Amino acid sequence: MLRALTALLCAVGGLTAVTTPAHAVDIGTGATLPYIEQQAENAATNGTKIGPDRTFTHLASEASERKAVTLDAQGEYVEFTLTQPANSLVLRYSLPDSADGKGIDAPLSLYVNGQKSKDLQLTSRYGWYYGGYPYSNNPGDGNAHHFYDDVRTLLPDLPAGTKVRVQVDVGDNAPSYTVDLADFEQVAPAGAQPSGSLSITDYGADATGATEASDAIDATIAAAKAQGRTVWIPKGTFKVTRHIVVDQVTVKGAGPWYSVLSGKGVGVYGKWAPDLSTGVHLADFAIWGDTTERNDSDQVNGIGGTLGGGSTIDNLWIEHTKVGMWFDGPFDGLTISNCRLRDFTADGLNFHKGITNSIVQGTHVRNSGDDGLAMWAESATDSGDTFRNNTVEIPVLANGIAIYGGKDISVTDNLVKDTVTQGGGIHVGNRFSAVPVAGTITLARNRTVRAGVLDPNWQFGVGALWFYSLDAPMSATINVTDTELVDSSYEAIHFIGNSAITNVHFSNVTITGAGTFALQLQTTGSATFDNVTATGLGAAGVYDCQGAGAFTVTKGAGDTGWDSSYCGPWPDPAAPAPGGLTVTPASLDFGSQDIGTTSAGKQVTVKNTGSAAVTVDSVTAGGDFTAASGCGSSIAAGATCTVTAAFRPTATGTRSGTLTIAGSAAGSPTTVALTGTGTDPGGNLALNRPMSATSANGPYTAANAADGNAATYWESANNAFPQDLTTDLGSARTAGNVTLKLPPATAWATRAQTLSVLGSTDGSSYATLVASKSYTFDPASGNTVSVDLPSGTTARYLRLHITANTGWPAGQISEFEAYATAQGDNGGGGTPDPGNVALNKPVTATSTTDVYSAGRAVDGNADSYWESANNAFPQSLTLDLGATTPARRLVLKLPPATAWATRAQTLSVLGSTDGSSYATLVASKSYTFDPASGNTVTVTLPATTDARYLRLTFTGNTGWPAAQLGELEAYTS
């Protein structure tokens, strides 16, 4: 909240969004994050490890998992090992403050595989606050906190196993560097400008950030709104020092790593109620503020105002504003998804005053200066709102998620970690003049870790999950279901207030470690508990000094571990008891892998289910397997980490091994079964692989087609065409041929089966590799048919789709073999249709615009496209098939999205055998591309066309002043 809280305490830390369910349902899954987070204390280092420590104002208390590494001498380093490919780094760190409280700047050296890469530019200007709420920048006020910040940088593409080191070198002149964690992400290339959009640079915005871009952005928005177009923020950093006001407009960037609005006072705002902004869509850019103090009267938030009426915010990254997103209602209907909100002086996000039917999902909040995510129904009811699948880490003040009043609110599937002071993990309260909670408040499938604090004013603990009736009684139905409260610093569940709290219901709640109590009662009221279990309590089950009947606890079936009660002086929180490890999954199958090659890594999530840290002495893998641990030397209570295993077979056939994690956990060692199949790269990839079929006739099962014995066979149900036979190669493999066999005995008379070959990488979406045709199986030639697949075929699943058999009314195959290389077609009446012969062939153009190169027209992806220079017709696109080829038709595509409005392009088709002399194959005419029919046009070529080079010459386009093509496909039939 932006207002001072009456009281609470400290504790802190932080980590990833990967969790393991304790019940049959997934609990606390949080946001799906595109990066891997690695802890500095688990990396290689010669620095000084600090923590664990949950004491407010201590440096380690605000570090992820309450531990970090301090580097304070030249040559000291932290070195991370990548567990998956990455091309970017976010480093969370702390530098000391300056004597005047304005912060310092200092470089830190970055190395990749031992070679100096660059200097990271670090600062403490955005951290270090002092005194009491709302805090100052004066070190003389004491009570220092809010220590950490982030720096990000793009890197070359780095494979798994790369060593990335930060090191103090000569010239790295900060008194010390404390490293908390690193996020490693494989960032996608910058997005392409949407067709028909208006770029802010065309209206004068400076992509270098040297000059103010606000007026240019306003002008672009006005033009886009008037024309019904999208505003495009291209790659660059654009200086903005005031609010950009939006209404009925879409603003899109190239991605938050590329398109940045930056400056002191920057913000994208809707209009103010009652004059509402609606139909606003913001996506794929970053907002970088320059706020170095907390002033609650300043509107210096990343996003603000009203944004309702179906507005959406997706994939924004906001840092260094006062609040990430603060909305003032009343308004209805906003959805926020997949955002990163970090390093603020106040809240991460707040729905304030009458915001209804709005959603925040898939969003990550870290290092907010107040509540991570909040709903505050001040003077007007927030209603029908949802926070779901979010991850909130290290709110420096107050709660991870807070609901201040409101009606019919849902908080589900969230992960909250490491609250620091004056707050808990998840909070519901009638406070701050909010309209009291009403209807049904749903708290389901959430997880808190190391939440709750010792309140510095009250001098007793605040719960990981707590309810506070400060302003009015709480009688709304509150349902808490399928919830995990892990390693709570003090009590796990807390009721406190000036009035009764009633109608609260707990079901399937697991308390794993609490410093003091499972339940702390400091107000009147009642609650029911069903299947609420507690382990690792530091003091007792229930704290209640109010006297009999003040608060009624109604227990149901399955309540265990919290029967004892206590009333007396506040106890110190006890150290949690040691726990055990669980692993997910319990086994890994790597599928098929060529001998002497290494598979892609597969991850095992390791969870400490206890309420104390466990040490990790070793992580090993036996047999033809290797293991890389991301768990370090210990795993905190309730924490998860990952171990990455890989498979490098030394022989063919089934290979087995065991991943072993040894340490202090109960029941150590913890193991994971490892299996894989070694294959000869020149041999049959389908041998003994899983084989399935749409049907089988008696004992003639699909497995017979993979057993290496041509005398056994699969046969489908009779008189029931079509029939499918599918092999699972175990992993995506290069496939050049399928060889099909029937029993070689002469009793199997010659027959022809009509079939096609399909391929898939995921087992659900199949593409035709070889078109349907008749193949002859002749005992005189071994009853064998060889079918070569198109060059470049990669598939995990290969399928035969059989529609006829002249020898028997069923599909019949005795061996379905697959090979990495072409074996040559035989039998069956010739070579199958090769499909699109233009795919990935060389292509050139007379011109291109920006990133829209000619190669995009033959990459198999209609969403990417070639675009010529604007206002410069005629333009040509020329395809080289590599050899003279019979060409019978062309298929021309534009991106199928409806954003590509109907347009007509005027073009002709020319052909050549030598690349010099071209003849017109199809005269110039207008072709209409309509999204309603897939934005696809087919051009039939003369029946006698034989050409190596095919050329399209464009002379007009009604939708854009340039030639445009998503795919140029060529077919021989």
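Here's a quick briefing on a few spots in this structure, grouped by topic. It is a predicted model, where local features need pLDDT of at least 70, side-chain atom pairs count only at pLDDT 80 or more, and totals for chains, interfaces and linings use all residues. Residues are numbered from 1 along each chain as its sequence is written, and side-chain values use heavy atoms, with hydrogens and water left out. Helices (H or I, at least four residues) and strands (E, at least two) are DSSP runs, numbered from the N terminus.

**Helix 1**

- An α-helix has 3.6 residues a turn, so residues three or four places apart point the same way.
- Just past the end of helix 1, Gly 228 has a positive phi of about 70°.

**Strand pairing**

- Strand 21 (residues 311-319) pairs with strand 24 (residues 334-337) in the parallel sense over 4 bridges; two strands pair if DSSP finds at least two bridges between them.
- Ser 311 has Leu 334 of strand 24 as its bridge partner.
- Strand 24 is also joined to strand 28 (residues 359-361) by 3 bridges, again parallel, and there Ser 337 is partnered with Gln 361.
- Elsewhere, an open sheet of 3 strands runs in the order 65-62-68 with antiparallel pairing.
- Strand 65 (784-788) and strand 68 (815-819) are the edge strands of that sheet, each pairing on one side only.
- Twist in this sheet averages 15° from one strand to the next, using axes that are lines fitted to C-alpha atoms (for helices, over the stretch in contact) and angles from 0 to 180 degrees between N-to-C directions.
- Strand 62 (residues 737-741) and strand 68 are antiparallel and share 5 bridges, one of which links Thr 739 to Glu 817.

**Nonpolar cores**

- The largest nonpolar core has 82 residues, and those with the most contacts inside it are Ile 303, Ile 313, Phe 327, Phe 467, Phe 495 and Phe 506; such a core is a set of buried Ala, Val, Leu, Ile, Met, Phe, Trp, Tyr and Cys residues joined through side-chain atoms within 4.5 Å.
- Strand 44 (residues 501-514) gives the most to this core, with 6 residues.
- Not counting residues up to four places away in sequence, Phe 495 touches a list that includes Phe 467, Phe 506, Leu 519, Leu 521 and Phe 551.
- Another core lies apart from the largest one and has 33 residues, among them Ala 887, Leu 894, Leu 952 and Leu 965.

**Two buried residues**

- Trp 714 sits in strand 60 (residues 714-715) and is buried, at a relative accessible area of 0%.
- The Trp 714 side chain reaches the backbone oxygen of Ser 695 at 2.9 Å.
- Ser 908, in strand 73 (residues 903-912), is buried too, at 12% relative accessible area.
- Beyond neighbours within four places in sequence, Ser 908 is in contact with Val 922, Ala 923, Ser 924, Arg 951, Leu 952 and Thr 953.

Key
Buried means under 20% relative accessible area, exposed over 50%, partly exposed in between (1.4 Å probe, protein chains only). A polar contact is a pair of N or O atoms within 3.5 Å; within protein, one must be able to donate a hydrogen and the other to accept it, and residues adjacent in sequence count only if both atoms are side-chain atoms. Contact means heavy atoms within 4.5 Å.
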